[in-house]
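Here's a quick walk through the model, starting with some rings and ending at a single residue. Keep the viewer open as you read.

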Amino acid sequence: VTYTFTDGTGCSNADVRIIEVVGSPTVEAGGNLTVCIDAGLTSLDGGTAGTPVGGFWSGRGVTGSLFDPNAAGTGAHILSYTFSNGAGCQRTDTRTVTVTHATEESPNVNLPSSVCINDGVVTLRSSPANTASWSGPGVTSGRTFTPLTAGIGTHTLNFSRTDGNGCQTSFTYNIEVTDLPVVDAGIDLSVCEDSDDFTLNDGFPNGGTWSGTGVQSGTFRPSVSGVGTFTLTYSYTGASGCANTATRLVT
């Protein structure tokens, strides 16, 4: 750039200065991001985010190049990345980081509160389907529970899933494995074919049911069974809902 001056005598002179126009830096803050409120410190750099290296981040929840979602709180936060080049030219780019929270309500799960030790494998489900993984005593592959493997007692099963916000939630559920009741059908006995009918009253505990050849409404009838050896079964269901059986032979 030339500066020229002419004085009153008509004499003139000129001077020049050089002005260099430097391009502004290309700054990239990165794409928008969604994180869970309990995700912990999240790095804002990586890939093309936070380039050129050497700039600084600013915004709610930002310390250095780390973002703390818990400090920022839920909602959308605009974070800025500013970089100055060697010529002093500065440019800023922004990205939006959205902080979400986990779904609070317990999911709908298919889990009985009590099972018997001899029950088969229980399939652990949840709604929506296949969103959860289970762990705990007796749990296999995150989906099934085997009472016999877990053993008698109350067991805490852990349930975790990724909810609609992309946040992981976890809950615990208690399931009780109950032993079978002790059942006794009494001693074996022999009777004559022409003996009178007799009541089967020696099943323990009281309140069970009898079944087998010659049994009618808890009574054994030799005239109905005929000659031979017959297995009579005494079935009893305890207060827990678990059932067991015992047998006796009547000849």
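Start with the aromatic side chains: Trp134, Phe159, Phe171 and Tyr173 are joined into a cluster by ring pairs. A pair here means that ring centres of Phe, Tyr or Trp (its six-membered ring) lie within 6.5 Å, with planes under 30 degrees apart called stacked, over 60 edge-to-face and the rest tilted. Before going further, note that this is a predicted model, where local features need pLDDT of at least 70 and side-chain atom pairs count only at pLDDT 80 or more, while totals for chains, interfaces and linings use all residues. Residues are numbered from 1 along each chain as its sequence is written, and side-chain values use heavy atoms, leaving out hydrogens and water.

The structure holds seven aromatic pairs. One of them is Trp134 with Tyr173, a tilted pair at 5.8 Å centre to centre and 55° between the planes. Trp134 sits in strand β14 (residues 132-135) and Tyr173 in strand β18 (residues 168-178), so this pair ties together parts 39 residues apart in sequence. Strands here are DSSP runs of E, at least two residues long, numbered from the N terminus. Trp134 and Tyr173 are each buried, meaning under 20% relative accessible area with a 1.4 Å probe and protein chains only (over 50% would be exposed, and in between partly exposed).

Now for Phe159 and Phe171: their ring centres are 6.3 Å apart and their planes meet at 45°, so this pair is tilted. Phe159 belongs to strand β17 (residues 153-162) and Phe171 to strand β18, so the pair ties together parts 12 residues apart in sequence. Both of these Phe residues, Phe159 and Phe171, are buried.

Next, a sheet. β20, β23 and β24 make up an open sheet of three strands, in the order β20-β23-β24, with antiparallel pairing. Its edge strands, each pairing on one side only, are β20 (209-211) and β24 (243-250). From one strand to the next, the twist averages 25°; the angles run from 0 to 180 degrees between N-to-C directions, using axes fitted as lines to C-alpha atoms. Strands count as paired if DSSP finds at least two bridges between them, and β20 has three with β23 (residues 230-237). Thr209, for instance, has Ser235 in β23 as its bridge partner.

Last stop: Thr100, in strand β9 (residues 90-100). Is Thr100 buried or exposed? Thr100 is buried, because its relative accessible area is 15%. Leaving aside residues up to four places away in sequence, Thr100 touches several residues, including Thr34, Cys36, Thr74 and Cys167, where contact means heavy atoms within 4.5 Å.

Key:
Helix = DSSP H or I, 4+ residues; strand = E, 2+ residues; numbered from the N terminus.
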